[in-house]
Amino acid sequence: MKRSIAILLLIVGSQHRAAAGTEVFPIGTVVPSVTCLDNPKQSYALYLPSTFAATRKWPTIYVFDPFAHGQAAVEVVRAAAEKFGYIVAASNNSKNGPMGGSLEAARAIWQDTHQRLPFDQNRQYFAGLSGGARVATSLALSCGDCAAGVIANAAGFPTTAMPSAQMKFAYFATVGDADFNYPEFAQLRPKLEASGERYLIRTFEGPHDWAPADLWFEALDWMDLQAMAAGTLARDPMRIQATLDATMTRAKAFETKNELLAAYREYQVVVRNFPGLASVISAQAKASDLEKNKGLKKAEKQEVAEIEEQDRLEATPSAQMQRLPTGELDALAFGDLRSSIADLKRQAAGHDRESLIKRRALQGLVVQAYESGDDSMDRKAYSVALRYFELAAAGSANPAWAHYQRARIYALTSDKKSMLSELKECIAAGVHNSSALDLEEFQRYRDQPDFKNVEEEWKKKAAR
């Protein structure tokens, strides 16, 4: 598959470079849907910065959302793209799963943007969230020199790949401190270090999600600095120094708070990413001193212990969930599983470090339940899917989506009473997307008074 993506991207790029810069789009505003000229089934959301002009070439970010929400993905990047002058294109088709269509979507938006926009072939970037982050990294690994960088949110490399010295792109990653994928990045860091490539991993407060705006500003600033180091962007000494000063200040602040592991990693950011741009002697000395500090070793061991604790908390419930499709889990065992997830949710509600680890484990189990439920729905194993979404509801901070999926199943299986009950749960929990009831499975109920009442209440909530 990697070879296929590489060939697709390189062929498409060579075919359409000459035609770039011929299309007119609104600037400084998000265009929700641009239909691909050569593949009308594919579309993407587009943002051109307010300074855009077709007379020059622009860096471009291709973004992949796990649910094909292109407009939402562009909005996440928009402010940083405006400040630093990037084109953003996000697929409205690519989504998680084996049938997610990421390859076709990547090919379509790559071809279309290269045909219609003036792009800088030395500064093309891939970004994504969760499964979309793995798509972004896979594309960069596959396409040779076509990618200058990857911005990965909440997930790392594809499962079949690892960092290596052959990587030809800069790698910026973000992960929430309560993200179930947090251990993945802790384990990825030494592999990236061993590759010798330039990388930066940032942690923010929060769960499995897009990085907040301030990290997108940092990500694009960092990518610009990598372009300066590579000679594909004119050097700006004042900007380089400002970024270096901010990094050193952050490292010293961590030291002051005795957060030695965070301080050490911050100094390493300078040592790894600034050679050729600025002097790193001071940062090297600080990192060397910290390497001798017993407190650093203790912090590293603590991180490993937390990862092991998360694995322990997830192991038994995860294994039980995997038994659901086989029918091995009887009603009593299922009830115990649901109760254990609900108990973990209560235990994860605190604000201490132990609660944070439990939130990571809980989120991992909820995601497993959702993904397994979706897979069961695809296979029309509706009774199994109902149980998975019941577990997701038991563990979710906001169970509305789980109730909505259950409502869809009841609609498909002609259980109107249960369907209406689940839709009311959705309303109470906060899912009020005005188009959510337009799906085909709800159509045969549209003229029935009890459904109409629920629909009216739903749309009233959506309008607020």
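Buried means under 20% relative accessible area, exposed means over 50%, and partly exposed lies in between (1.4 Å probe, protein chains only). Keep that in mind for the stops below.

This is a predicted model: local features need pLDDT of at least 70, side-chain atom pairs count only at pLDDT 80 or more, and totals for chains, interfaces and linings use all residues. Residues are numbered from 1 along each chain as its sequence is written, and side-chain values use heavy atoms, with hydrogens and water left out.

**Whole chain**

Start with everything selected. The chain has 16 helices and eight strands. Helices (H or I, at least four residues) and strands (E, at least two) are DSSP runs, numbered from the N terminus. Along the principal axes, the C-alpha atoms fill a box of roughly 70 × 60 × 45 Å. Of the 464 residues, 53% count as buried.

**Helix α4**

Select residues 131–142. This is α4, with twelve residues. From first C-alpha to last, α4 reaches 16 Å, close to the 16 Å expected at 1.5 Å a residue. The expected span is 1.5 Å times one less than the number of residues. Ten of the twelve residues of α4 are buried, among them G131, A133 and L139. Now step to G144, which follows α4 and has a positive phi, near 65°.

**P158**

Next, select P158. Where is P158 placed? It lies in the loop between β6 (149–153) and β7 (170–176). Is P158 buried or exposed? P158 counts as buried, because its relative accessibility is 11%. Show its contacts, meaning heavy atoms within 4.5 Å. Leaving aside neighbours within four places in sequence, P158 touches R134, T137, S138 and L141.

**Helix α8**

Finish at residues 260–273, helix α8, which has 14 residues. It reaches 20 Å from its first C-alpha to its last, close to the 20 Å expected. Eleven of the 14 residues are buried, so α8 is largely enclosed by the rest of the structure. The buried set includes L260, Y264, E266 and R272. Which elements do the buried residues of α8 pack against? Colour α5 (182–195), β8 (199–204), α6 (213–230), α7 (237–256), α9 (281–291) and α10 (294–322) to see them.
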